[in-house]
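Keep the viewer handy and follow along.

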Amino acid sequence: MTPDVAQLEQHLLHSAHLLLCTHRAPDGDGIGTMLGLWHVLQQQQRAATMWSPEGVPAHLRFLPGAERVCTQLPAGQRFDAAIVIDTSDDALLPEGFADAPIDGPLVFIDHHMHHRSSRDALFIRRPAPAAGELMADLLSDMQWPLNAEAARCLYTALVSDTASFRYAITTPHTHRTAAALIAAGASPTETARHLYERIPLARARLLGVLLHTLSVDEPLRFAWMHCPAATLRELGLPNNALDGMVNVARALRGIDTAALFSETPDGIHVEIRSKTDGNLTQWLGDYAAKGTRFGLQFTLPHHTLTSATAWIRERLAAHQRTAVDAAEKR
Ligand SMILES: [Mn+2]
């Protein structure tokens, strides 16, 4: 066990009441990993409160213990340690975190290597495809046994962040972890059914509207879709209904890069993803703060859908010319 994990174990074993939380806009990895840790703590008879001010997204409410996640901290409860899962970026902490009554150490357990925090905390940051995998590793290092509930939650975390083991960062160890979780009680069918086979009708209709706007630039190997502000309004959907929709364009044959442009009050929100190593952080440099080489999101103020699309295509074309020039010089 490395010193940081030994320190984590001390905090977990010797705190009277732990606070567990994850990032803003909670996802399957953050919620699943938080729940997984909570079930193991329950087994060890450790008191812990799970907190997510935005609640648990509907598609994750099947997870055992989801009903125990509170949106408001229990009045009068103080915490002698807090474990923050799936982020170590101060800007992504849950709303109200600064006022949470935490008297003791703060621990960040995260797999985002580019996240930064100025807090005085224990950082357990490892490159892993999901916080769920990292948590399974930590529990195994500490020799804390998994129960079936924890396994179901951690498996769902792993499937969520790897998009079903599809990304390059998936390793043999990832699959061994998944195997161990299934052996401990996780169900691939249960997870798949809840993550992928419960699409609300309004979201399917949204996909239909977006597909009408699908355009491709074959030489650039670039595809994009547009979502005017009125679309979500008319379908009665929140902004996060667009999450992941860009992947439909990204999956097209002959396409390496895809973008979804949506109108917001602050400007045009751009979600862009690359199938290959598109080096997005290189050609979108200034906009790449919150993302990876494979996927980025940012907002372009003072743009329309048309001008934002033209701007991205120009930048992508310029990047591809530079890449060709560099290849010819070699
Ligand atoms: Mn994650």
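Does A163 count as buried, exposed or partly exposed? With 14 C-beta neighbours inside 10 Å, A163 counts as partly exposed; the cut-offs are 20 or more other C-beta atoms within 10 Å for buried, 12 or fewer for exposed, and in between for partly exposed, with C-beta atoms placed from the backbone.

## About the model

This is a predicted model, in which local features need pLDDT of at least 70, side-chain atom pairs count only at pLDDT 80 or more, and totals for chains, interfaces and linings use all residues. Residues are numbered from 1 along each chain as its sequence is written.

## The chain as a whole

The chain divides into domain 1 (3-196) and domain 2 (202-329), with bounds that come from an automatic or database domain assignment. Taken over C-alpha atoms, the centres of domain 1 and domain 2 are 30 Å apart. In secondary structure, the chain comes to 11 helices and 11 strands; these are DSSP runs numbered from the N terminus, with helices being H or I of at least four residues and strands E of at least two. The radius of gyration is 21 Å, close to the 20 Å that the globule rule gives for 330 residues, so the chain is as compact as a globular protein of that length. That radius is taken over C-alpha atoms, and the rule is 2.2 Å times the number of residues to the power 0.38.

Along the principal axes, the C-alpha atoms fill a box of roughly 60 × 50 × 40 Å. Buried residues make up 35% of the 330 residues. Of the contacts with a separation of 6 or more, 67% are between residues 24 or more positions apart; a contact here means C-beta atoms, placed from the backbone, within 7 Å.

## A parallel sheet and its helices

Look next for the open sheet of six strands, which has the order 3-2-1-4-5-6 and parallel pairing. Its edge strands are strand 3 (69-70) and strand 6 (122-125), each pairing on one side only. Two strands count as paired if DSSP finds at least two bridges between them. Strand 4 (residues 81-85) and strand 5 (residues 106-110) pair over four bridges, and I83 stands opposite V107 in strand 5.

Helix 1 (residues 3-14) lies across strand 4, strand 5 and strand 6, at about 120 degrees to strand 6. Helix 2 (residues 28-43) also packs on the sheet, touching strand 1 (18-22), strand 2 (48-51) and strand 4, and its direction makes about 160 degrees with that of strand 1. Axes are lines fitted to C-alpha atoms, for helices over the stretch in contact, and angles run from 0 to 180 degrees between N-to-C directions.

In soluble globular proteins, nonpolar side chains tend to be buried together. Here the largest nonpolar core has 52 residues, and those with the most contacts inside it are L20, M34, I83, I109, M135 and L154. Its largest share, eight residues, comes from helix 4 (residues 148-162). A second, separate core of 26 residues includes C227, V246, A258 and I312. A core is a set of buried Ala, Val, Leu, Ile, Met, Phe, Trp, Tyr and Cys residues joined through C-beta atoms within 7 Å.

Helix 3 (residues 131-141) is largely enclosed by the rest of the structure, because eight of its 11 residues are buried. Among them are M135, L138 and L139.

All six residues of strand 8 (residues 222-227) are buried. F222, W224 and H226 point one way, and A223, M225 and C227 the other. Strand 8 joins strand 7 (residues 215-217) through three bridges in the antiparallel sense, and strand 9 (residues 257-264) through six bridges in the parallel sense.

V270 lies in strand 10 (residues 267-274) and is buried, with 23 other C-beta atoms within 10 Å. Its contacts beyond four places in sequence include A259, F298 and I312.

## Loops with positive phi

Most residues other than glycine have a negative phi. A163, in the loop between helix 4 and helix 5 (172-183), has a positive phi near 50 degrees. Q143 sits in the loop between helix 3 and helix 4 and has a positive phi of about 60 degrees. Q143 counts as exposed, with 8 C-beta neighbours inside 10 Å.

Key
Two residues are in contact if their C-beta atoms, placed from the backbone, lie within 7 Å.
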